[in-house]
Amino acid sequence: MITHFKKLDWILITALVLLCVYGLVMIYSAGMLFGLETYDDASYFFNRQKVWLYVGIPVFIAAIIIPYKVYDRFTPLMLAVIILLLLLVLIPGIGKEVNGARSWFPVGSFTIQPAEIAKLGMLIYFARVYARKQPYIHQFKKGVSPPLLVLGLIFVLLMQQPDLGTATAIIGGCGAILICSGARLKHILMLGTVAVGVIGLLATTATYRLKRLTSFVDPFADAGGDGYQLINSYIAIGEGGLWGRGLAQGIQKLGYLPEAHTDFILAVISEELGMFGVIFLFILYLIVLVRGVRIGVAIKDPFGKLLAFGITFQISIQVFMNAGAVNGMLPITGITLPFISYGGSSLLITIFAAGILVHLSKHAKLAIEAREETQTSWGQKITS
């Protein structure tokens, strides 16, 4: 067991732990006033996120220990459960509606979001299918297209909630696996064009999504309406400067910036910890990206390789989408900042996915060691 843990990527583990602690501290700061006003408890969101983090610790350890090929074996069952959950959440009385979206199951005082489960589930499914289709991955009909039908079904179910942000993130993660699988460039470009076209069409056909697009282009055109959130995000970022106002000293979270502890927590970080606080956060994300890519490159098994790439790039895509929305470079989609934003389902599933990535780091290290031993033996033979 000791040898098992020695072979893990401890640099990656350290970055993940720091991200979780960073998120917990900032949720306390960002959610203080809202928790006090709504639940008469300034620590309300902090305490709830702390519970999810406590649950996440054994989940993380379990994900490190469980052999990753177990997921290959149970993928069909997992996929069926995900589809069933996405159907059930749409039924009034079973699924809970919040801010116009029916995306949650109420479980006591907590809620579970099946779309978060679908994020990881689709990565496992795509990694499994494209690993098995390696002999004919260059053929579109036989190698590339079959899993796209399942992705289309998941996309349609998510749009019924509606949740375009999560659907886009899933497409991004699955797209990363497709790219890393060795599919032909022309097939990737064709599918990418179709995906962008469909997402763009859906974003402009619904009135509320179209307003988000227009407010992203020019938030000052409706400063008191659809542009209000982004403008206050700008103010928070501008007021933070290099060093920030200081932890818990932010102004915009005091009733000015909506979703300060969830989607727009990065704006609070910018205001309170300044540019250096944001840079530190993104260094941690960069470590996860670099170590994840390194793991994916090192692993020989196609399923493990594609799963590592999928988890790594989906986390990175969510960071890019959230940061882009907060600073006005991308439309607001409701995507949370991984490990940082408030949200139990998101945190737990992301921790589980990160645990799988850490587990895969052991196989990457073994593959590197085996390669080095082979090179050494060949070198000794040549010199002798």
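This is a predicted model: local features need pLDDT of at least 70, side-chain atom pairs count only at pLDDT 80 or more; totals for chains, interfaces and linings use all residues.
## Strands and hairpins

Two strands pair if DSSP finds at least two bridges between them.

Strand E1 covers residues 96-98, and strand E2 covers residues 101-107. The two run antiparallel and are joined by three bridges. Take Glu97 as an example: its bridge partner in E2 is Arg102. E1 and E2 form a hairpin with two residues between the strands. Asn99 sits in that turn and has a positive phi of about 50°.

E2 also pairs with strand E3, residues 110-112. This pairing is antiparallel too, again over three bridges. Here Pro106 stands opposite Thr111 in E3. E2 and E3 form a hairpin as well, with two residues between the strands. In this hairpin, Gly108 takes a positive phi near 65°.

## Aromatic pairs

A pair of aromatic rings is described by the distance of the centres and the angle of the planes. The count for this model is 15 aromatic pairs. One of them joins Phe45 and Tyr342. Their ring centres lie 5.0 Å apart, with 80° between the planes, and the pair is edge-to-face. It links distant parts of the chain, 297 residues apart. Phe45 belongs to helix H4 (residues 44-65), while Tyr342 lies in the loop between helix H15 (302-326) and helix H16 (344-383). Both Phe45 and Tyr342 are buried. They also belong to one aromatic cluster, together with Phe34, Tyr39 and Tyr44.

Now look at Phe309 and Phe313. This pair is stacked, with 6.2 Å from centre to centre and 25° between the planes. Both residues lie in helix H15. They are four residues apart, about one turn of the helix. Are Phe309 and Phe313 buried or partly exposed? Phe309 counts as buried because its relative accessibility is 9%. Phe313 has a relative accessible area of 26%, so Phe313 is partly exposed.

Rings can have charged neighbours too. Lys142 lies over the face of Tyr136, at 4.5 Å from the ring centre.

Lys119 is found in helix H7, residues 114-132. Why does Lys119 count as buried? The reason is its relative accessible area of 3%, because buried means under 20%. The side chains of Lys119 and Glu116 are joined by a polar contact of 3.2 Å. Leaving out residues up to four places away in sequence, Lys119 touches Thr166, Ile170, Gln314 and Gln318. Phe46 is 73 residues from Lys119 along the chain, and their C-alpha atoms are separated by 25 Å.

Gln314 has its place in helix H15. With a relative accessibility of 6%, Gln314 also counts as buried. Which residues does Gln314 touch, not counting residues up to four places away in sequence? They are Lys119, Leu120, Leu123, Ala169, Ile170 and Gly173.

## The largest nonpolar core

The largest nonpolar core has 98 residues. Which of them touch the most other members? They are Met122, Leu281, Ile311, Phe339 and Ile340.

Take Ile340 from this group. Again not counting residues up to four places away in sequence, Ile340 touches Leu19, Tyr22, Gly23 and Ile27, among others. Its contacts also include Ile265, Ile269, Leu281 and Tyr285.

Methods: Residues are numbered from 1 along each chain as its sequence is written. Side-chain values use heavy atoms; hydrogens and water are left out. Rings of Phe, Tyr and Trp (its six-membered ring) pair if their centres lie within 6.5 Å; planes under 30 degrees apart count as stacked, over 60 as edge-to-face and the rest as tilted. Buried means under 20% relative accessible area, exposed over 50%, partly exposed in between (1.4 Å probe, protein chains only). A charge sits over a ring if NZ of Lys or CZ of Arg is within 6 Å of the ring centre and within 35 degrees of the ring normal. Contact means heavy atoms within 4.5 Å. A polar contact is a pair of N or O atoms within 3.5 Å; within protein, one must be able to donate a hydrogen and the other to accept it, and residues adjacent in sequence count only if both atoms are side-chain atoms. A nonpolar core is a set of buried Ala, Val, Leu, Ile, Met, Phe, Trp, Tyr and Cys residues joined through side-chain atoms within 4.5 Å.
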